[in-house]
Each structure stands twice: as C-alpha cells, then as structure tokens.
Amino acid sequence: MFNRANGEQPSSNFPDRDSLERALLEFGISAGAARQLAELGRYSLHLLPVERNGSDGRVFSKIGGVPDLPKGIEWPIRPSFPLTAEEASESFFPPDERELSYRNNPQPYNFIAQIDFEEIAVAGAKDTALPDSGALYLFYDDLSQCWGFDPKDSIGFKVIHAPDISDITSVQRPNLYSEVPSYNEVTVKPIQRFERCLSEGLHFESLPIS
C-alpha cells in the first residue's frame with residue numbers, strides 16, 4: 001500500500017505469487033482457492049523518478065523535456081488532416097482560422113516520453129515479450145487530442161522503436177504552436193513489482209470459489 005498524501009511510492013505487500021499464496025493459506029483459505037487467487041497476480045513495471053546524475057548511474061528513460069534521438073531518426077511530423085463535414089457539424093462552435101490552419105498543415109508532434117528497453121530488462125521484467133535493447137519514443141498531438149477510439153485516430157500520435165541508442169543526440173524542440181504545452185523533464189527508472197489481484201471484476205468473480 002502507499003500514502004498519496006506524503007508522496008510515498010506504491011509498493012506491493014507480496015514480492016511474488018508464492019508469498020501471496022502462503023499468506024492466503026495462513027489466513028485460512030483452502031489450498032485450491034489460494035493457488036487460484038495467487039495465479040491472478042501479475043508483475044508490473046513502475047516508472048519512478050530518479051536523479052539523472054545520481055547513484056543509479058546512466059539513466060535514459062524520461063518523461064518530458066526533449067528526446068535523445070539516435071542518428072537517422074528525426075523529430076516526427078504529423079500529416080495534415082482537415083476537419084471532415086461530420087466533425088464540423090458536431091462542433092459547438094465553428095473552428096476558427098487558427099485551428100483550421102493547424103489541422104490543415106503538417107505539424108511537429110509533441111514529445112511525451114522515451115523508454116530504454118535495456119533498463120527494463122535490468123529491472124528483471126518478466127513475460128513482457130519486449131526487446132532487451134533499444135528504446136521506445138512516444139510523440140503526441142496535444143492540441144488535436146485524438147482519443148484512439150477509431151483507427152483513423154492513429155494520426156494523432158507517433159511511436160518510434162529505435163533498435164540502437166548507442167549514438168544519440170539531444171534534439172532541439174521545433175517551433176510549435178504557442179498553445180502546445182511543454183513538459184518539464186523527469187528522468188524515470190523502471191522498477192518491477194508484483195501486484196496482487198483486486199477483489200473486483202470478472203476475472204475475480206468467475207473463479208469457482210465461494
């Protein structure tokens with residue numbers, strides 16, 4: 001458990017499935033039910049803030065700031081996507097000239113985060129099917145804010161996988177509309193934790209136990 005008020009980080013009560021199963025048995029749960037409940041637990045990755053030049057050594061993963069891109073990868077640009085007749089008809093107010101110009105012309109995406117796969121591997125992540133090297137970059141159109149409910153919303157974001165980040169350069173932020181927010185850089189470190197199942201939802205209610 002964790003205390004949001006004083007800024008404590010979340011932590012699992014049990015380091016793995018076996019410890020959770022033993023606790024359930026000690027509580028009086030039957031052996032079969034204890035095993036089923038423990039099997040619902042999953043390993044997760046938490047991205048916790050750390051100092052870039054602290055005792056943790058090299059830290060590449062971060063949220064906000066500007067990306068550190070390898071040679072051959074440039075800051076991605078969103079294509080134009082004019083308002084459709086349906087979108088225009090559903091708008092409470094007709095889009096102004098500035099909004100139309102923004103959508104009708106290609107624009108740089110805003111940088112959100114970069115995640116180092118090697119740092120995830122070092123954290124001991126299990127069953128992720130992720131590569132053990134390279135990095136993932138996430139860019140997003142903060143003004144259009146496509147939700148992702150429709151395949152056409154894929155124009156609103158850009159995800160880049162760089163297999164090799166041995167030679168990287170901190171890229172300068174391009175000229176963005178003044179309405180596009182900027183995010184302060186926060187370096188993060190992946191930490192693996194075991195998460196027990198919450199006692200709610202179909203995955204829990206469908207278990208053949210009382």
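In which sense, right-handed or left-handed, does α1 cross α2? The crossing of α1 past α2 is right-handed. The structure described here is a predicted model.

## The helix pair

Helix α1 spans residues 17–27, and helix α2 spans residues 31–39. Their axes lie 9 Å apart, and the packing angle is about 145°.

On the α1 side, the contact is made by Arg-17, Asp-18, Leu-20, Glu-21, Leu-24 and Leu-25. α2 contributes Ala-31, Ala-34, Arg-35, Leu-37, Ala-38 and Glu-39. By class, seven of the residues in this contact are nonpolar and five are charged. No polar residues take part.

## The sheet

Six strands form an open sheet. Their order is β1-β10-β2-β6-β7-β8, and the pairing is antiparallel.

In general, strands of a sheet pair through backbone hydrogen bonds.

## The largest pocket

The largest pocket holds about 580 Å³ of space. It is lined by 21 residues. Closest to the pocket centre are Phe-81, Glu-87, Arg-103, Ser-144 and Cys-146.

Two helices, α3 (85–90) and α4 (97–104), each supply at least two lining residues. α4 gives the most, with four. The lining of this pocket has ten charged, eight nonpolar and three polar residues.

How values were computed:
Residues numbered from 1 in each chain as written. Predicted model: local features only at pLDDT ≥ 70, side-chain atom pairs only at ≥ 80, totals over all residues. Heavy atoms only, no water. 1 Å grid on protein atoms, 1.4 Å probe; cavity = no way out; pocket = protein on both sides within 12 Å on 5 of 7 lines; lining within 4 Å. Points joined across faces, edges and corners; volume = space filled by probe spheres on them. Nonpolar A, V, L, I, M, F, W, Y, C, P; charged D, E, K, R; others polar. Pairing = 2+ DSSP bridges. Axes fitted to C-alpha atoms, helices over the stretch in contact; angles between N-to-C directions. Left-handed = near helix turned anticlockwise from the far one by under 90°. Contact = heavy atoms within 4.5 Å.
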